[in-house]
Amino acid sequence: MNDPYKILGVSKSASQAEIKSAYRKLAKKYHPDLNQNDKAIEQKFKDITIAYDLVSDPDKRARYDKGEIDAQGHERGFHSGGRNAGDFDFRSHRASGHGGINVEDLFAEFFGRNKGGQRGFHPFEQEQPAPRDTAYTVTVPFTEAALGAKRRVTLDQSKVIDITIPAGTVDGDKLRLRGVGKSGAAVIEIKVQPHPYFKLDGRNLRLDVPISLPEAVLGAQIHVPTLTGSVAMKIPKGTDTDSVLRLKGKGLPAGPHAPEGDLLLTIKIMLPPSGAALEALEKWGQKNAYDPRKKMLWHK
């Protein structure tokens, strides 16, 4: 078998965390459940697992690095009675937690129930019934879901737990907590209450902002709300209604696999209610008439 570091795709100076991460990715990619009846993939998976078994053990790794044992864990020059890759015992390996990984949990994470409600077929062990997850629902305010929060929830009318709502959570996101449900995991679906002003658009937030006619014509500085408080924003001179202004980074916060969003402000020009302002505008319009529909194709 080749160098276990090369098989796992890590350097000889890799940390245990890096080695564990590399193994998880490769085990998922080359697991025989996803490549049934492929002997080459089966052998590849065996090599990956044996390599991880060696370098995840500090003592074995140190002895290998010193040249005292080979890539299969055999004493240099003494192979009789040893175990080679073709004799690898998947059952005993899966039943133990090598290198800080509970392998049984790892496979359960990769290969849960299929569409027929049955677990994926494992060619190396007799199929065992999978524990059932228990579903729960928690409703949270829009701002808590967007910024993240701690919530205390009651399960089964008796068990009380504290959960963390990650920043950037959206309606329908689910939290999976192992060892909390009745038999398997507790799956908590997050329901997010609508916000009275903000509307979600991907990672961005949208907000309608009313401004006065003088503010639109002459420009102004106004204050607008964000998830974290009010901020000042400049309205340029001559801003039209339905113009969209952008505040960078004021949408949903960045998550592990998602960038931060922006706040998109749609300008709504509000005419004055009545009185002297309308009279002045009427006189101005008589002397400064213009046609805003002049360039429209349907305009005659």
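Me: Leaving aside its neighbours within four places in sequence, which residues is Asp3 in contact with?
Reply: This is a predicted model, and Asp3 sits in the segment before helix 1 (4-8). Once the neighbours within four places in sequence are set aside, the contacts of Asp3 are Lys12 and Tyr64.

Me: How far from Asp3 is the nearest side chain of opposite charge?
Reply: Asp3 is buried and has no salt bridge. A salt bridge needs the nitrogen and the carboxyl oxygen within 4 Å. The nearest side chain of opposite charge is that of Lys12, at 4.5 Å.

Me: How do helix 3 and helix 4 lie relative to each other, parallel or perpendicular?
Reply: The axes of helix 3 (residues 39-55) and helix 4 (residues 58-65) come within 6 Å and cross at roughly 95 degrees. Angles of 65 to 115 degrees count as roughly perpendicular. Helix 3 and helix 4 are therefore roughly perpendicular.

Me: Which residues in helix 4 do Asp53, Leu54 and Val55 meet?
Reply: Asp53, Leu54 and Val55 belong to helix 3. Their counterparts in helix 4 are Lys60, Arg61 and Tyr64.

Me: Is Lys46 buried or exposed?
Reply: Lys46 forms a salt bridge with Glu42, with the closest N and O atoms 3.5 Å apart. Both residues lie in helix 3, four residues apart, about one turn of the helix. Buried means under 20% relative accessible area. Lys46 has 11% relative accessibility, so Lys46 counts as buried.

Me: Which residues are linked with Glu42 in a network of salt bridges?
Reply: A search of the whole structure finds eleven salt bridges. Some of them form a network that includes Glu42. The residues linked with Glu42 there are Lys39 and Lys46.

Me: How many residues apart are Arg152 and Asp162?
Reply: Arg152 forms a salt bridge with Asp162, the closest N and O atoms being 2.7 Å apart. The pair links distant parts of the chain, with Arg152 in strand 4 (residues 149-155) and Asp162 in strand 5 (residues 159-165).

Me: Are Arg152 and Asp162 buried or exposed?
Reply: Exposed means over 50% relative accessible area. Arg152 has a relative accessible area of 63%, so Arg152 is exposed. At 54% relative accessibility, Asp162 also counts as exposed.

Me: In what order do the three strands of the open sheet stand?
Reply: The pairing in this sheet is mixed. The edge strands, which pair on one side only, are strand 3 (134-140) and strand 6 (174-177). The twist averages 25 degrees from one strand to the next. The order is 3-7-6.

Me: Which residue in strand 7 is the bridge partner of Arg176?
Reply: Strand 6 and strand 7 (residues 186-192) run antiparallel and are joined by four bridges. The bridge partner of Arg176 in strand 7 is Val187.

Me: Which residue takes a positive phi in the hairpin of strand 8 and strand 9?
Reply: Strand 8 (residues 199-201) and strand 9 (residues 204-212) pair in the antiparallel sense over three bridges. The hairpin has two residues between the strands, and the one with a positive phi near 65 degrees is Gly202.

Me: Which residue in strand 13 stands opposite Leu207?
Reply: Strand 9 is joined to strand 13 (residues 263-270) by eight bridges, and the two run parallel. In strand 13, the residue opposite Leu207 is Leu265.

Conventions
Residues are numbered from 1 along each chain as its sequence is written. This is a predicted model: local features need pLDDT of at least 70, side-chain atom pairs count only at pLDDT 80 or more; totals for chains, interfaces and linings use all residues. Side-chain values use heavy atoms; hydrogens and water are left out. Two strands pair if DSSP finds at least two bridges between them. Axes are lines fitted to C-alpha atoms, for helices over the stretch in contact, and angles run from 0 to 180 degrees between N-to-C directions. Buried means under 20% relative accessible area, exposed over 50%, partly exposed in between (1.4 Å probe, protein chains only). Lys and Arg count as positive and Asp and Glu as negative; His and the chain ends are not counted. Contact means heavy atoms within 4.5 Å. Angles under 35 degrees count as roughly parallel, over 145 as roughly antiparallel, 65 to 115 as roughly perpendicular and the rest as oblique.
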